[in-house]
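The points are numbered and can be read in any order.

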Amino acid sequence: MLAVKGLTVVVLLLVCWEDLRHRAVHWSLFPLTGLLLGAPAYLGRSHAAWLADLGMNALFLLVQAVALVAWTALRYGRWTDPIGRVIGVGDVLFLAAIVPGLSFDHFAPYYVSGLVLCLVLHLTVLRHWPGQPRTVPTAGLLAAYLACWVLMEQLGRMPPLHQGELAMVFWHG
């Protein structure tokens, strides 16, 4: 499993590099990321626990997607597709790719803290280098952040990212 985790870190750093450098990520990296994160999660737990986490993670993102669509409609005064205007396709694909690989116990804190970190880093960059693009390379920054989490997991500083029971509590009541 160490080789899978090592390859996961490499792929996540490649996502980061491409997003920071080109503000675009090759599509093939998203299914590869999903496979590398999802395989240990699927194989390392019961099928029911994996499905519960998958469902909770997807529901968490779905609620935010609905809120984003509503906010975009209010802001622009009409129904507007937020993809491309507010959030990039690569960001959506990256989030979809990591959904099957993390337990809800880790996904929600990772996602929320990662978005805060993205915003702080981006605002810091804009403050010190005002000529930078105003778009936030969210997928790239989240990928680098997740690479750090995977490294901490492998160093024993964090429990396995696919382990957790919170989703099972909601799933079974």
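**Notes on cavities, pockets and contacts**

1. The lining of the largest cavity divides into 7 nonpolar, 3 polar and 2 charged residues. The model is a predicted one. The count comes to 1 cavity of 30 Å³ or more, and the largest cavity holds about 50 Å³ of space. Its lining is made up of A41, R45, A49, W50, D53, L54, V99, P100, G101, L102, S103 and H162. Helix α3 gives the most to this lining, with 4 residues.

2. Two residues of that lining, R45 and D53, also pair with each other. D53 forms a salt bridge with R45, and the closest N and O atoms are 2.0 Å apart. Are these two residues, D53 and R45, buried or exposed? Both D53 and R45 are buried.

3. The count of salt bridges comes to 2. Another pairing is that of E153 with K5, whose side chains meet at 3.1 Å, N to O. E153 and K5 are buried.

4. Helix α3, residues 47–76, has 30 residues. From its first C-alpha to its last, α3 reaches 43 Å, close to the 44 Å expected at 1.5 Å a residue. Its buried residues are A49, W50, A52, D53, M56, N57, L61, T72 and A73. Just after α3, G77 takes a positive phi of about 75°.

5. What is the volume of the largest pocket? The value is about 990 Å³. The largest pocket is lined by 35 residues, and V86, I87, G88, D91 and T138 lie nearest its centre. Helices α3, α4 (89–98), α5 (104–128) and α6 each supply at least two residues of this lining, and the largest share, 7 residues, comes from α3. By type, the lining of the largest pocket divides into 24 nonpolar, 6 polar and 5 charged residues.

6. The second largest pocket contains about 190 Å³ of space. L20, R23, L121, H122, V125, Q132, P133, P137 and L141 line the second largest pocket. Here the largest share, 3 residues, comes from α5. The lining of the second largest pocket divides into 6 nonpolar, 2 polar and 1 charged.

7. The count of aromatic pairs comes to 8. One of them joins Y42 and W50: the ring centres are 5.0 Å apart and the planes stand at 85°, so the pair is edge-to-face. Y42 has 39% relative accessibility and therefore counts as partly exposed. W50 is buried, with a relative accessible area of 16%. W50 also belongs to the lining of the largest cavity.

8. Y110 and W149 form an aromatic pair that is edge-to-face, with 5.5 Å from centre to centre and 75° between the planes. This pair links distant parts of the chain, with Y110 in helix α5 and W149 in helix α6, 39 residues apart. Y110 and W149 are buried.

9. A further aromatic group deserves mention. F60, F104, F107 and Y111 form one aromatic cluster.

Note on methods: Residues numbered from 1 in each chain as written. Predicted model: local features only at pLDDT ≥ 70, side-chain atom pairs only at ≥ 80, totals over all residues. Heavy atoms only, no water. Salt bridge = Lys/Arg side-chain N within 4 Å of Asp/Glu carboxyl O. Buried < 20%, exposed > 50% of the residue type's maximum accessible area, 1.4 Å probe, protein only. 1 Å grid on protein atoms, 1.4 Å probe; cavity = no way out; pocket = protein on both sides within 12 Å on 5 of 7 lines; lining within 4 Å. Points joined across faces, edges and corners; volume = space filled by probe spheres on them. Nonpolar A, V, L, I, M, F, W, Y, C, P; charged D, E, K, R; others polar. Expected span 1.5 Å × (residues − 1). Phe/Tyr/Trp six-rings, centres within 6.5 Å; stacked < 30°, edge-to-face > 60°.
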